[in-house]
Amino acid sequence: MKKKSLFPATGGFLHGGDYNPEQWLDRPDILKEDIKMMKKAGINSATLGVFSWSVYEPSEGEYNFGWLTDVMDNLYENGIYTVLATPSGARPAWLDEKYPEAMRVDNYGHRNHHGFRHNHCMSSPVYREKVSNIIHKLVENAGSHPGLVMWHISNEFGGECYCPLCVKRFQDYLADKFDNDISKLNYAWWNTFWSHNYNSFSQIEPPFANGEISSLGLDLEWKRFTTWNMTDYMKSEINILKKLTPAIPVTTNFMQMYGGLDYHVMAKELDVVSWDSYPALHNQWETFTESMESNSFDHAILRSMKKDKPFMLMESAPGLVNWQQYNKVKRPGVHKLFSLQAVACGSDTVQYFQWRKGRGSFEQYHGAVVDHLGTDDTRIFKETEDLGNALKKISKAAGTIIEAKAALLYDWDNRWAIEDIKGLSNETKNYNNICYNVYRQFLRLGIEMDVIASDSGFMDYDIVVAPMLYMLRPGVADEMKAFVEKGGQLLATYLTGYVDINQLCYLGGFPGDGLKDLFGVISEEIDTLYPCDTNNALFKDGSLASIKDYAETLRVSDAEVIASYTDDFYSGTPVVTKKKYGKGCAYYIGARICDEKMSSIFLEMAENAGITRKELPYGVEYHKRTSDGESYEFYLNNSEEVQKVKDVKGINLLNGEQVNGILELGKYETAVIENV
Ligand code: GLA
Ligand code: ZN
């Protein structure tokens, strides 16, 4: 793959963050100081205008963009590029006062009062018109500025609106989806149950908290609609920018594994994927290493949305955030490790929220590169400067990408369907965590893994893991068969293929849609275990793996049984099977067995597939970014101990040392090895 640096003008990585000069317009001394300090910290970008609407347009039709272009000029003259946001993340008071329809309605039918942010009615024609107007003005003033490198659409899209406009749009969306035939919807949602048949689309309301809370089909379509409507809104902004400034790429900042929107759908409309990473590090419920591993999964899912180019770490916290339950500061050395993890995972940027702490209001104590103290000798400033230098040292790696041979299938609507299952236990479904755990095992094995939508095509991988793929999208079962047939290693678990995309159960045995032939098993029952219940899988080699939460009883028609239950009335019956199918192999794991055993099965799959892996000490994370024969290996020590990695060869760009054999990494240290 050819190297495609996202920001060639910078000669490497973008390093910067949200910058709010409009909060300091009465302090030219501070703005001047900012530029000086940015240069010192190796900052080459600033994200401007995220919440500037009330300064751009203090009252309807009155505009004020001079400050923006002055700031952009100053930045540009000092080698600092601008990521410019459209200001639709928060509405000015005059807008809500005059056009209350822009304010969202909650799931009890109450309209919000003015205030806060990220709470617009995405259907409102007036809101869309006002946004369109301010974007046109913004482009008129700043769209051809030489410092502009990226459009940042609005901010952290999220939430739902239950206003009459949204209800109507939802009804139209459903009518369109079900061919204007209400009987099709009634069948898909199984509405004869509890006498819930509708006579017309106009009777359908969203799942109001005091209304229809028992329809799984409604819940799911409402979530899909919310994604569709949000995407439609986002496109209304993008279309303007594409028309007026076609050369400037667009992105919007996603929020990790946010549950309210299907990011796979939204990402298709963007040039570049970007996201805001704020894990609670140094917490009480997991080790630091585990927190870093989960964050790596988040990078993987976002990165995999556009595999052929780098992504952007649009926001992260220098020091700390102000909204977690306990706002702990990043320990010394973690800023660099955390930022380089993003780069290791394929980001071409390290960006922060925020450059400078504001004096007042909601985020006055949120971490920033520049504190209220205002100097460049703080711990955080110095660590940022250190990172700035590190990014320069590894600038050649910008534009390279990660190539994985293993993939994990993850769908938002599968997640929604699982969360909405009326059954099992709400305490233990934990779909996301199970996916994290799978990724974590691959990471520890030193095997790179993409995280992709189940219907985005996986024929080119060697290994596919589909944890809890409860809902089968059309075509997925057939692709699984073709994948294994041509030699792929596939693993599925309990809760695979119970329902179709409308959540109607497959008849004739789970996993449905023909998958019972592929795996050679049918799941007859699923037992939900109490936390105190114990069971085990006894493997043919005599090893035992503990089981918790879920256990399916399997009818095996045509597969090799490799483990059986040790306890309960299903003791001795199959729990893990494998079946050779064509040139490949399909594994079925009928219960939630422990991570260690899952890991050894993954290892067997890797061996079957002939995948070479990197042997790593526990706590070290490894990624390789490549392009056109160039390659950069990243070793991150996510632990407090000194670690030694074997068989490393090349130059560590971060300290200039040649490594030939053992790479020693201090606490939280990173090495970036150029293989030449
Ligand atoms: C989000 C927002 C920012 C800021 C940070 C604080 O990511 O996009 O505006 O509020 O959270 O962590
Ligand atoms: Zn609405």
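## Reading strands, a metal site and helix pairs

Tutor: Strand β4 is joined to strand β5 (residues 250–251) by two bridges, and the two strands run parallel. Please keep in mind throughout that we are reading a predicted model.

Student: Which residue stands opposite Val250 of β5?

Tutor: That residue is Trp151, which stands opposite Val250 in β5.

Student: How many bridges join β4 to strand β3 (residues 81–85), and in which sense do the strands run?

Tutor: Strand β3 is joined to β4 by four bridges, and these strands run parallel. As an example of one pairing, Thr82 has Leu148 as its bridge partner in β4.

Student: How many of the residues of β4 are buried?

Tutor: Strand β4, which covers residues 148–152, is mostly covered, since five of its five residues are buried.

Student: Let us turn to the metal. Which protein atoms are the donors of the zinc ion (ligand 2)?

Tutor: The donors are the SG atoms of Cys121, Cys161, Cys163 and Cys166, which lie 2.3 Å from the zinc ion. Along the chain, the donors of this zinc ion follow the spacing C-x39-C-x1-C-x2-C.

Student: Why is the arrangement around the zinc ion (ligand 2) called tetrahedral?

Tutor: Four donors count as tetrahedral if all angles lie between 85 and 135 degrees. Here the four donor atoms around the zinc ion subtend angles of 102 to 119°, and therefore the arrangement is tetrahedral.

Student: Is Cys163 buried or exposed, and what about Cys166?

Tutor: A residue is called buried when its relative accessible area is under 20%. Cys163 has a relative accessible area of 1%, so this residue is buried, and Cys166, at 2% relative accessibility, counts as buried too.

Student: Where is Gly509 found, and is that residue buried or exposed?

Tutor: Gly509 is found in the loop between β13 (489–493) and α16 (515–519). Its relative accessible area is 18%, and because the cut-off for buried is under 20%, Gly509 is buried. Gly509 and Glu524 are 15 residues apart in sequence, while their C-alpha atoms are 7.2 Å apart in space.

Student: What describes two packed helices?

Tutor: Two packed helices are described by the angle between their axes together with the distance between those axes. For helix α10 (residues 288–303) and helix α11 (residues 334–344), the axes come within 10 Å and cross at roughly 30°. That angle makes α10 roughly parallel to α11, and α10 passes α11 in a right-handed crossing.

Student: At what angle do helix α14 (residues 431–445) and helix α17 (residues 595–609) pack?

Tutor: Helices α14 and α17 pack at an angle of about 60°, with their axes 10 Å apart. This makes α14 oblique to α17, and the crossing of α14 and α17 is right-handed.

Student: In what order do the strands of the open sheet that includes β21 stand?

Tutor: Five strands form this open sheet in the order β21-β22-β25-β23-β24, and the pairing is antiparallel. At the edges stand β21 (620–627) and β24 (657–665), each of which has a single partner strand, so one side of each is left without a neighbour in the sheet. From one strand to the next, the twist averages 25°.

Student: How many bridges pair strand β23 (residues 643–652) with β24?

Tutor: Strand β23 and β24 pair in the antiparallel sense over eight bridges, and the bridge partner of Ile651 in β24 is Gln658.

Conventions. Residues numbered from 1 in each chain as written. Chains lettered and ligands numbered in written order. Predicted model: local features only at pLDDT ≥ 70, side-chain atom pairs only at ≥ 80, totals over all residues. Heavy atoms only, no water. Donors = N, O, S within 2.8 Å, 3.2 Å for Na, K, Ca; no water. Tetrahedral: all angles 85-135°; square planar, octahedral: opposite > 155°, others 65-115°. Buried < 20%, exposed > 50% of the residue type's maximum accessible area, 1.4 Å probe, protein only. Pairing = 2+ DSSP bridges. Axes fitted to C-alpha atoms, helices over the stretch in contact; angles between N-to-C directions. Parallel < 35°, antiparallel > 145°, perpendicular 65-115°, else oblique. Left-handed = near helix turned anticlockwise from the far one by under 90°.
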